[in-house]
Amino acid sequence: MIETITIFDVSVYSGYSYIGHCKEFLWNVKSRQSGDFIFKGLVCEYDFEEMMLRKDLFLRTQENKEYVLEDFVITDVSQIGRLQGSAKSIKILDSSFPAIKAFIEDEKIVLSKETQLEAFKAVSDVVHQVKNDAVINGEQTRAVMRTLVDEVLQAPDAIMNLMDIKSFDDYTFTHNVNVSAISLLIGSSMGLAKDELEELATGCMLHDVGKIKIAIDLLNKEGSLSDDEFVELRSHPRQGYDILVKSRGLSEESRLVALQHHEKFQGNGYPANLRGNEITLYSRICSVADVYDALTTDRPYRLAMSPYDAIKILTSGIDRHFDPNVLTAFIRKFSLYPAGSFVRLNDASIALVLRNNPESVIRPVVKLLKDSKGEKYPDRIEINLAESSGLYIVGQASLTDAKIL
Ligand SMILES: [Fe+2]
């Protein structure tokens with residue numbers, strides 16, 4: 001049985017519990033099955049021996065009844081403030097509600113939830129317009145991007161918490177918004193002016209609009225593609241550009257992002273095998289953001305990579321894909337170890353990242369969880385690695401490494 005629920009008035013707190021990363025929500029829920037309730041809820045990501053990742057939603061009613069909605073995903077964000085989600089099943093919880101053990105302290109939040117939702121709504125309107133062969137209202141997308149740009153410019157020193165933009169599960173909605181947000185941070189790090197940032201973000205928001213014309217089965221296909229399928233998939237930049245040429249209120253610079261985002265800096269990209277500065281700056285920025293977001297998101301054919309591994313791949317020079325100046329700006333702006341991730345220190349202890357230091361992305365503030373012998377620390381010990389010369393991060397730790405039972 002599939003249960004559909006509507007969620008509104010959401011406040012979100014991040015934390016972790018003994019079963020993994022969780023977000024705690026206070027919200028109102030409308031449930032077909034159970035009627036209206038004010039719930040307290042937790043969405044927890046499970047990591048069973050790192051074999052699978054799934055999100056369950058735990059809900060507690062005012063009467064203290066506890067439920068679990070298995071494999072919960074947010075499916076519709078078209079009405080701002082009233083998200084819809086569905087779960088494979090809803091049942092009364094027989095074990096205990098997973099308690100949050102520690103809260104992750106606030107990072108500077110770059111994008112407010114309201115702006116993210118406005119952006120999701122703009123994406124869903126564009127999808128609707130393209131499916132109905134209507135003219136895209138580029139002015140609407142640009143207006144939302146203006147708000148996005150204002151928020152980024154208000155917090156010029158902010159380092160984006162890369163987990164924060166992974167709040168919603170639907171790839172169609174999130175990918176475009178994420179690519180715009182990541183591109184904006186790169187663009188502002190490169191010193192682009194406000195109107196340039198608006199054009200950049202608008203182009204990035206619409207970069208994959210041509211995919212709406214590609215069969216969904218092909219987009220999600222696992223395994224190798226036939227020659228014909230390759231040709232069809234690779235037609236999306238050209239199809240996207242053609243759609244945007246017919247739309248209202250978009251600059252040519254924004255449209256070119258759709259056409260050129262799969263070109264590669266050293267050549268051999270598509271559709272036109274351009275190289276270097278033949279590719280517009282906005283398209284070069286978009287391609288870094290596009291690949292980064294794709295690598296760090298669960299797809300039907302593979303699990304998400306950690307931000308750390310994704311940045312390693314981007315900077316490894318594989319494929320000679322990216323403009324080195326854009327990559328440098330990207331790394332300056334992003335935290336390698338986002339709040340909520342687990343890390344291993346040089347003395348073999350395991351720690352939870354609490355917040356980043358803007359001046360040193362490799363030396364965040366951490367909370368020690370286990371000492372070098374694997375024993376749990378009895379007290380909350382917080383260390384600012386930027387001020388501690390002897391301790392440093394040697395790599396990421398897994399949830400299994402960090403688990404404290
Ligand atoms: Fe694309």
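Mentor: Two strands are said to pair if DSSP finds at least two bridges between them. Please keep in mind that this is a predicted model.

Trainee: What makes strand β10 and β11 a pair?

Mentor: Strand β10 (residues 342-345) is joined to β11 by 3 bridges. Val 343, for instance, has Ala 351 in β11 as its bridge partner. The two strands form a hairpin with 4 residues between them, and Ala 348 in the turn has a positive phi of about 75 degrees.

Trainee: Why is strand β11 called largely enclosed?

Mentor: Of the 8 residues of β11 (residues 350-357), 7 are buried, so the strand is largely enclosed by the rest of the structure.

Trainee: Why is Val 127 called partly exposed?

Mentor: Val 127 has 17 other C-beta atoms within 10 Å. A buried residue needs 20 or more, and an exposed one has 12 or fewer; Val 127, with 17, therefore counts as partly exposed. Val 127 is placed in helix α1 (residues 113-131), and its C-alpha atom is separated by 9.9 Å from that of Leu 206, 79 residues apart along the chain.

Trainee: Which residues have the most contacts inside the largest nonpolar core?

Mentor: That core has 49 residues, and those with the most contacts inside it are Leu 148, Leu 184, Ile 186, Ala 201 and Ala 289. A second, separate core of 15 residues includes Tyr 337, Ala 339, Ala 351 and Val 366. Ala 351 is also the bridge partner of Val 343.

Key. Residues numbered from 1 in each chain as written. Predicted model: local features only at pLDDT ≥ 70, side-chain atom pairs only at ≥ 80, totals over all residues. Core = buried A, V, L, I, M, F, W, Y, C linked by C-beta atoms within 7 Å.
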